[in-house]
Amino acid sequence: MNQPQPTLVADIAACRNDFPALNQDVNGHSLVYLDSAASAQQPLAVIEAVARYQNDDHANVHRGVHTLSHRATELYEGARDKLRKFVNAASRAEIVLTSGTTESINLVAQSYCRPTLRSGDQILITWLEHHSNIVPWQLVCEQTGAELIVAPINDRGEIELDELYALMTGPVKLLSLSHVSNALGTVNPLREIIDRAKKAGITVLIDGAQGVPHMTVDVQALDCDFYAFSGHKMFGPTGTGVLWGREALLEEMPPYKGGGDMILEVSFDNTVFNDLPYKFEAGTPNISGTIGLGAAVDYLQSVGMDNISEHEKALHEYLVDKLAGVNGIRLIGTARNQASVQSFMLNDIHPHDLGTIVDHQGIAIRTGHHCAMPVMQRFGLSGTARASLGLYNNTDDVDRLILALEKARQIFA
Ligand code: C6P
């Protein structure tokens, strides 16, 4: 019987051809890439932007009076402008270029929390978080005597909002939570949560690593205080990312890394720090990567974030529907609002065995704890298999995964 096909955004089908890595055979089969949540493939436009810079314009930024240094600076700062518009930040001073979400969160832990938190203060997170949104807070709690508290999630993988709000009545100074869970795909109701936190006088950081690749993000509309994200999950190069922060907060924060470019004046007695955002950007940055990230922003905008959301939503529904037809599948993460990330178990097959079997059929999925061990503990598992969809995936990819899972089921029967 023919399955009904989802309505996918028509123009997106052609985008697949923009990604050279997708056009290859792996283990004798055409590649099906379902691991974009770990790292998305890069379109030719990004690869070429990086190559052009490496070929013609490579020099250090903000330092030289010579032409190549000017060109490199222009391209690098141009990327910052694109990122500002991309998340609708009020000013370019608010766009701190980092190596990724992990560094962005550590920056807030060390520059915002470490100088201001005391014993008796609390940092609030949730059970959904990636290790990058847990460990930096544990470190700063140890340094300051503050306490880390955690809001629970339900069996669907949704935050228990009543319990989160009850925890906000304590001495909480910072709430840090993900936009989208990388392990379960849960999209958190940020507007409502941020509203409640603001009313309680709590500063809010959003881990947007899995948010920006899939939906429009407007930091002013969200009304959070910090928003962290990585370039390589939004079709840019690895080692790039952003910390967006409210200018007034960033102004008050001391840098936690010292070095070149973050200073205006240095003597042995005293150092005057540079203006925002450079105060937080010590040392030679990832120039080529950031230029590539600027090209990734152009690419995403040319496809259209709303088109991407619509396409991925339809494809995720198709995936869930098809998975439901596989005997022995158990979905892990069934939130009512879910992005295009789906964890699952197949009978009692170890996720790594499953990942290996489907890889032999050319299909890339992620298996394991997804750097979110507490989420796994919540579901009584050591790990899951996870398929994550990007704008370049289609129903054929999903069908190939389903066939591969059926094969795995038979092997382990
Ligand atoms: N998650 C995944 O497969 P970095 O490594 O700094 O670019 O991103 C860290 C990070 C932080 N928060 C969330 C919600 C994330 O998903 C990630 C990265 C990858 O799910 C690699 S573990």
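This is a predicted model: local features need pLDDT of at least 70, side-chain atom pairs count only at pLDDT 80 or more; totals for chains, interfaces and linings use all residues.
**Overall build**
- The C-alpha trace spans about 75 × 55 × 35 Å along its principal axes.
- Buried residues make up 55% of the 413 in the chain.

**Salt bridges**
- The structure holds 20 salt bridges.
- D399 pairs with K322, their closest N and O atoms being 3.6 Å apart. This pair links distant parts of the chain, helix α14 (D399) and helix α11 (K322), 77 residues apart. K322 is buried, at 18% relative accessible area.
- R246 and D225 form another salt bridge, with closest N and O atoms 2.8 Å apart. R246 sits in the loop between β10 and α9 and D225 in the loop between α8 and β9, so the pair ties together parts 21 residues apart in sequence. R246 is partly exposed at 26%, whereas D225 is buried at 5%.
- Within helix α14, E406 and R409 are three residues apart, separated by about one helical turn, and their salt bridge has closest N and O atoms 2.8 Å apart.
- A network of salt bridges links E77, R80, D81, R92 and E281.

**Surface charge**
- E247, E251, E252 and D275 form a negative surface patch.
- E251 belongs to helix α9 and is partly exposed, at 46% relative accessibility.

Technical notes:
Residues are numbered from 1 along each chain as its sequence is written. Side-chain values use heavy atoms; hydrogens and water are left out. Patches are made of residues with over 30% relative accessible area and no salt bridge: like charges are joined within 9 Å, nonpolar side chains (Val, Leu, Ile, Met, Phe, Trp, Tyr) within 5 Å. Accessible areas come from the Shrake-Rupley method with a 1.4 Å probe; for residues, only the protein chains shown count as cover. A salt bridge is a side-chain nitrogen of Lys or Arg within 4 Å of a carboxyl oxygen of Asp or Glu. Lys and Arg count as positive and Asp and Glu as negative; His and the chain ends are not counted. The place of a charge is taken as NZ of Lys, CZ of Arg, CG of Asp or CD of Glu. Helices (H or I, at least four residues) and strands (E, at least two) are DSSP runs, numbered from the N terminus. Buried means under 20% relative accessible area, exposed over 50%, partly exposed in between (1.4 Å probe, protein chains only).
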